[in-house]
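I opened this entry to keep track of what I looked up, one item at a time. The notes follow the order in which I checked things.

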Amino acid sequence: QVQLVESGGGLVQPRGSLRLSCAASGFTFSSYAMSWYRQAPGKERELVAAITSAGGSTNYSDSMKGRCTISRDNAKNTVSLEMNSLKPEDTAVYYCNAAQRYYRGSFLREYDYWGQGTQVTVSS
């Protein structure tokens with residue numbers, strides 16, 4: 001059973017910080033790229049940050065670049081997102097994602113797992 005369980009969300013004041021965590025199980029964690037996405041009401045889901053399977057490369061959205069850091073611990077099957085200097089515009093449900101793609105012969109195989117999400121509210 002594949003599971004991604006997010007935690008760490010909550011209410012935080014503007015300019016505050018928050019650390020989100022995602023615990024993974026049921027698959028080979030070290031073979032998957034991990035990402036954090038977010039979705040605010042009425043808006044499409046967007047990528048916040050991503051990290052490669054071995055943790056050697058990261059990518060951040062323009063809106064969050066410089067204000068967050070994604071990291072992973074393959075020994076513990078966890079991925080984290082540290083956010084700081086938070087703004088009201090950061091209010092959203094944050095989702096943990098695991099993704100892998102590869103070709104088996106000419107057939108593309110894709111695996112895409114999602115957590116349940118954790119609410120982050122930035123407000124005074």
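I started with Tyr 95: buried or exposed? Its relative accessibility is 15%, under the 20% cut-off, so I put Tyr 95 down as buried. I note that this is a predicted model.

Next I looked up the aromatic pairs. I found seven of them in the structure. One joins Tyr 95 to Trp 114, with ring centres 6.4 Å apart. The planes meet at 85 degrees, so I logged this pair as edge-to-face. Where do the two partners lie? Tyr 95 is in strand S9, and Trp 114 is in strand S10, residues 107-114. The two parts are 19 residues apart in sequence, so the pair ties them together.

I then checked Trp 114 itself.

Arg 72 lies over the face of Phe 29, at 4.4 Å from the ring centre. Phe 29 also belongs to a cluster. Ring pairs link Phe 27, Phe 29, Tyr 32 and Tyr 113 there.

Then I turned to the core. The largest nonpolar core has 29 residues. Which of them touch the most other members? I listed Met 34, Trp 36, Val 79, Leu 81, Met 83 and Tyr 94. Strands S3, S4, S5, S7, S8, S9 and S11 each supply at least two residues of this core.

I followed up Val 79. I left aside its neighbours within four places in sequence. Val 79 is then in contact with Leu 20, Ser 21, Cys 22, Phe 29, Met 34, Trp 36, Ile 51, Ile 70, Ser 71, Arg 72 and Cys 96. Phe 29 and Arg 72, the charge-over-ring partners, are both among these contacts.

Last, I took the whole chain. I counted zero helices and 11 strands. The radius of gyration is 15 Å, close to the 14 Å from the globule rule for 124 residues, so the protein is as compact as a globular protein of that length. The C-alpha trace spans about 55 × 30 × 25 Å along its principal axes. Buried residues make up 35% of the 124. Of contacts between residues at least 6 apart in sequence, 55% join residues at least 24 apart. The accessible surface is about 7000 Å², and 46% of it belongs to carbon and sulfur atoms.

Notes
Residues are numbered from 1 along each chain as its sequence is written. This is a predicted model: local features need pLDDT of at least 70, side-chain atom pairs count only at pLDDT 80 or more; totals for chains, interfaces and linings use all residues. Side-chain values use heavy atoms; hydrogens and water are left out. A nonpolar core is a set of buried Ala, Val, Leu, Ile, Met, Phe, Trp, Tyr and Cys residues joined through side-chain atoms within 4.5 Å. Buried means under 20% relative accessible area, exposed over 50%, partly exposed in between (1.4 Å probe, protein chains only). Helices (H or I, at least four residues) and strands (E, at least two) are DSSP runs, numbered from the N terminus. Contact means heavy atoms within 4.5 Å. Rings of Phe, Tyr and Trp (its six-membered ring) pair if their centres lie within 6.5 Å; planes under 30 degrees apart count as stacked, over 60 as edge-to-face and the rest as tilted. A charge sits over a ring if NZ of Lys or CZ of Arg is within 6 Å of the ring centre and within 35 degrees of the ring normal. The radius of gyration is taken over C-alpha atoms; the globule rule is 2.2 Å times the number of residues to the power 0.38. Accessible areas come from the Shrake-Rupley method with a 1.4 Å probe; for residues, only the protein chains shown count as cover.
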